[in-house]
Amino acid sequence: TVATTSPAREIPQGQLYVGALCIANGAYYASSYGDPPSGTASGQRVLVSRIVDATRSYPYHVTTESGGALGWMQQSALQVTAE
């Protein structure tokens, strides 16, 4: 058996993707439709854990760096970090 590898796909700088480390500034909600309860992140480091249909109000699910669920956010509230 011969194993081959394909080159890694490049992700444009600043693009949100599952696993991206971001700085969150804004509201997060219990569902991608904006259902309560909610909270607010201010300069918090988060990981994008899921991305759903962009027609929803809050299509990006984020967690804490240790994996604890926070909620759903808008793209404008997330800034991808260089790390």
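View 1. G71 belongs to strand β4, which spans residues 69–73. The model shown here and in the views that follow is predicted. With a relative accessibility of 3%, G71 is classed as buried, because the class takes in residues under 20% relative accessible area. When residues up to four places away in sequence are set aside, G71 touches Y28, Y29, Y60, H61 and V62. Between G71 and G26 the separation is 45 residues in sequence and 11 Å in space, taken from C-alpha to C-alpha.

**View 2. Contacts of M73 and the largest nonpolar core.** The largest nonpolar core comprises 13 residues, and M73 is among those with the most contacts inside it, together with L16, C22, A24, V46, V48 and L78. Strands β1, β2 and β3 are the elements that each contribute two or more residues to this core. Not counting residues up to four places away in sequence, M73 touches A24, G26, A27, Y28, Y58, P59, Y60, V62 and L78.

**View 3. Pairing of strands β1, β2 and β3.** Strand β1 (residues 21–29) and strand β2 (residues 38–51) run antiparallel and are joined by 9 bridges. Within this pairing, N25 stands opposite S42 of β2. Strand β2 is also joined to strand β3 (residues 60–64), again in antiparallel fashion, by 5 bridges. Here I51 faces Y60 of β3 as its opposite residue.

**View 4. The largest pocket and its lining.** The volume of the largest pocket is about 170 Å³. Its lining consists of 13 residues, with G14, Y17, V80, T81 and A82 lying nearest the centre. Sorted by class, the lining holds 7 nonpolar, 5 polar and 1 charged residues.

**View 5. T81 at the largest pocket.** T81, one of the lining residues nearest the centre of the largest pocket, is placed in the segment after β5 (78–80). T81 has a relative accessible area of 17% and is therefore buried, the limit for that class being under 20%. Apart from neighbours within four places in sequence, the residues in contact with T81 are L21, C22 and I23.

Conventions:
Residues numbered from 1 in each chain as written. Predicted model: local features only at pLDDT ≥ 70, side-chain atom pairs only at ≥ 80, totals over all residues. Heavy atoms only, no water. Pairing = 2+ DSSP bridges. Helix = DSSP H or I, 4+ residues; strand = E, 2+ residues; numbered from the N terminus. 1 Å grid on protein atoms, 1.4 Å probe; cavity = no way out; pocket = protein on both sides within 12 Å on 5 of 7 lines; lining within 4 Å. Points joined across faces, edges and corners; volume = space filled by probe spheres on them. Nonpolar A, V, L, I, M, F, W, Y, C, P; charged D, E, K, R; others polar. Buried < 20%, exposed > 50% of the residue type's maximum accessible area, 1.4 Å probe, protein only. Contact = heavy atoms within 4.5 Å. Core = buried A, V, L, I, M, F, W, Y, C linked by side-chain atoms within 4.5 Å.
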